[in-house]
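Trainee: I would like to learn how to read an assembly of two chains. Can we take it feature by feature?

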Protein chains: 2
Amino acid sequence: MNSLSLNGLSLRQALALIAEGHCAPVDVINACYDQIEARQADVGAWHFLLSREQYLQQYYEKEAFYKASLLQGLPIGIKDIIDTDCMPTEMGSTIHSGRQPTDNASCVNLLLKAGAIVPGKTVTTEFAYFKPGKTRNPKDLNRTPGGSSSGSAAAVADFMIPAAVGSQTAASVIRPAAYCGVVGYVGTRGEYSLRGVQPLAQSLDSLGLFSRRVEDIGLLRSILLQQPDTDLVKQDRPYRILVCKGSSVGESDPEMDLALEQFSVCLAQQGAELIEMHSCDLIRRLVEHHHKIMAWEATRNLCYEADRSEQVSEALQQLFELGRGMARETYLDSLQVVAKIGHWLWSNPDHKGVDAILAPAAPGVAPQGHCSTGQPHMSRPWQVLGLPVVTLPGMQDDNGLPLGLQFIGRAREDDQLLGLAHWAETVLS
Amino acid sequence: MNSLSLNGLSLRQALALIAEGHCAPVDVINACYDQIEARQADVGAWHFLLSREQYLQQYYEKEAFYKASLLQGLPIGIKDIIDTDCMPTEMGSTIHSGRQPTDNASCVNLLLKAGAIVPGKTVTTEFAYFKPGKTRNPKDLNRTPGGSSSGSAAAVADFMIPAAVGSQTAASVIRPAAYCGVVGYVGTRGEYSLRGVQPLAQSLDSLGLFSRRVEDIGLLRSILLQQPDTDLVKQDRPYRILVCKGSSVGESDPEMDLALEQFSVCLAQQGAELIEMHSCDLIRRLVEHHHKIMAWEATRNLCYEADRSEQVSEALQQLFELGRGMARETYLDSLQVVAKIGHWLWSNPDHKGVDAILAPAAPGVAPQGHCSTGQPHMSRPWQVLGLPVVTLPGMQDDNGLPLGLQFIGRAREDDQLLGLAHWAETVLS
């Protein structure tokens, strides 16, 4: 088995081969490093990176531990907004150049304990907001990888690592996953420890994961929750899926509308019951309320950075200005409207028995250029509601560029959502 | 004006005297340090403390800034669970001895920006859970100050500083404030930035404040929210107050029951309408659900510490054992029950038009001894609901020991709650 195919395996596939004695963990690690070394200059997924030698040294120093561990010493990338105690965490900003946290984030500790090794920190946009880092889309280097978890998505999409951790406040996991063509998952808000994950907006921040197969998300989730690793299960009765068209949320490209339609047809052919969402104006209204809540909270969370405007991007300065000038009533009104729409969504008789919502994960394929990470409006409504989300790759435009579609679940029903996504993945492939 | 009376002033009183030219900030600072130096050996409020010289050096280095600032360089204590970039943050545990954070928590930065100086870190119990620190109750050194924000409460109660910051996951602000006889305030969950406040349980953690007058809470709140400082306002119509008897939540001492009754009579005499809460069994059920949610979440947040059991107290180890062994369904069930009871509380026709709930802030006066910080059950129901709370001093037992009573408000109606508490404070005095 050559190196290229080993780094192309999913996490579970690699672990199965290791368990069966077909390869050693170091073979997978070396294959990943072959790819990293070949592609980092072009893709720029890593902000900080261990050399192959440093990585292997870590592995061999505790080889017995890794051999007995769940993750076998395989690499998991960590977004550079998440604290690590032996690598800097600079949050995509020169304000924190060389910042070396004293502690690992809890999610990092949980993964290390399960036998992961962190090869490096993946590029984030500035404070997980809009200003892009150096990462390019591995599917087309002239395009944005999306953000803010740009490096995590690109590293997984480019077969450098099997999985990575990110975070989402607006569209920071789902959009880059969609643009790079990988699986992206955002947990229900509050589901995972955010200790050591630098916050942007407390009412919006969620932990996220990237992989190339849905089943790997299930494995990482079990580690983060310290729960037994169980199979993702398709429910017995047919899935009832509420389809929210892109145009009802905001600007949506024709190829995305087509992809949504085609995917809906496939799901229906496989026995799912699809119903169209009406009253989408309520969902559309969530876009602006999300932005207001983010502005209010980010301005207080990032008060230190807000005072260093010469080192802050124009986009972030504008967010701070909005947050500073906002009347508290506006913020409270947004919170209230969101709560009402959240209640409407699941209590509406038309939505009775719905297992998940299906919607575009982004307005279309990754835009050309690197000045922006693309528009976040397709994620804002679900993120402000705090719901779990999975985006699946598999659909493409005529040029073979990924078009991501997302399933949105009910709060705290992450397992059910992943079961659905796991089944839908087979429909797509 | 002698030093003793200057350190006895509330924050607003001191600022008013300074503004009117009756004293200088340094006079207040020196009076506070006189008290700190006289009493720290007995009270043990401080885990880390600047010397008077170090404090004054900080003041004089930026005297012009402080003279133009809102808080005039006056001291605000910070609980040692909250990160500070120029003082260690050890979280009450030897696991983190000497831990020096790279950044200030956002709440610290906001206070510094408004002209506060941090004289030191106040004692916290181990990771803001149960194991007491060295602090003793300034009202009776043989008694616990309560916890986890033990040092913050004691330092304000002992006139060492006018105000302090704490945090609450179970009863960590309200109970020590009640036991020490000061004003304690817990914000609606999500109201303030918790960046840099080390988490215990994400569904429960809230920021809290201590002062000797309710009006000081209003001032500090305006700073933390970057909002104009406005007066706390009594509403025009009579307050409608729902009384929740201590015995309906759990064990409650007879002197506390009497204090609640006496205070209720006073409030009624001043025009408030008091109604008794029935169906208190629902409130009582929240006590256990709070504990389960805390166990589940703390175990994941403190996974690093959980692996260092030889440095972890027995009480915390028991919490981790509960959290590790808990079925996820149990955790989810608790979250659901809490949501249902939260909805019942404000939609119950009997509770229509209620402005706040009045309840004991603790089962009685501070217990004797220093092996425990007392029982937290009087706070658990309101904390798990995420509601804003103010406890007021003023009631006492026959020996002059404080008996705290708390008002619980509606979520995000912190301003209205503080207006009520400000009015009730005058009723008590």
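This is a predicted model: local features need pLDDT of at least 70, side-chain atom pairs count only at pLDDT 80 or more; totals for chains, interfaces and linings use all residues.

Trainee: How many residues of chain A are in contact with chain B?

Mentor: Contact means heavy atoms within 4.5 Å. By that rule, 43 residues of chain A touch 43 residues of chain B.

Trainee: What area is buried between chain A and chain B?

Mentor: The size of an interface is often given as the accessible area lost when the parts come together. Here the buried area (accessible area, 1.4 Å probe, lost by two parts on being put together, summed over both) is about 3200 Å². Carbon and sulfur atoms give 41% of that area.

Trainee: Which polar and charged pairs cross the interface?

Mentor: Side chains of opposite charge can pair when their charged atoms come close. A salt bridge here is a side-chain nitrogen of Lys or Arg within 4 Å of a carboxyl oxygen of Asp or Glu. There are 10 salt bridges between chain A and chain B. One of them joins Arg328(A) to Asp415(B), at 4.0 Å from N to O.
Polar contacts are pairs of N or O atoms within 3.5 Å; within protein, one must be able to donate a hydrogen and the other to accept it, and residues adjacent in sequence count only if both atoms are side-chain atoms. Across the interface, 24 residue pairs are in polar contact, both at pLDDT 80 or more.

Trainee: Which helix of chain A gives the most to the side that touches chain B?

Mentor: Helices (H or I, at least four residues) and strands (E, at least two) are DSSP runs, numbered from the N terminus. Several helices of chain A each supply at least two residues to that side, including H6 (106–113), H9 (214–224) and H14 (328–347). H11(A) gives the most, with five residues.

Trainee: How are the two copies related?

Mentor: Two copies of a chain are related by a rotation about an axis and a shift along it. Copies are superposed by least squares on the C-alpha atoms of residues with pLDDT of at least 70 in both. A rotation of 180 degrees, with 0.0 Å of shift along its axis, puts chain A on chain B (RMSD 0.0 Å). The copies are therefore related as by a two-fold rotation axis. They meet through the same surface, because 100% of the interface residues of chain A are also interface residues in chain B.

Trainee: Where does UniProt place the Amidase domain in chain A?

Mentor: The unreviewed UniProt entry places "domain: Amidase" at residues 27–418 of chain A. UniProt positions follow the numbering used here, feature names are shortened, and annotations may be inferred rather than shown by experiment. Over residues 27–418, chain A is 38% helix and 14% strand.

Trainee: What should I note in the backbone?

Mentor: A cis peptide bond joins Gly147(A) and Ser148(A), with omega about 10 degrees. Ser148(A) sits in the loop between strand S3 (120–122) and helix H7 (150–157) of chain A. In chain B, the bond from Gly147(B) to Ser148(B) is cis too, with omega near 10 degrees.
Gln72(A) is not a glycine, yet has a positive phi of about 60 degrees.

Trainee: Which residue forms a salt bridge with Glu191(A)?

Mentor: Arg221(A) does, with the closest N and O atoms 2.8 Å apart. The pair links distant parts of the chain, 30 residues apart: Glu191(A) is in the loop between strands S5 (183–186) and S6 (206–211), and Arg221(A) is in helix H9 of chain A.

Note on methods:
Residues are numbered from 1 along each chain as its sequence is written. Chains are lettered from A and ligands numbered from 1 in the order in which they are written. Side-chain values use heavy atoms; hydrogens and water are left out.
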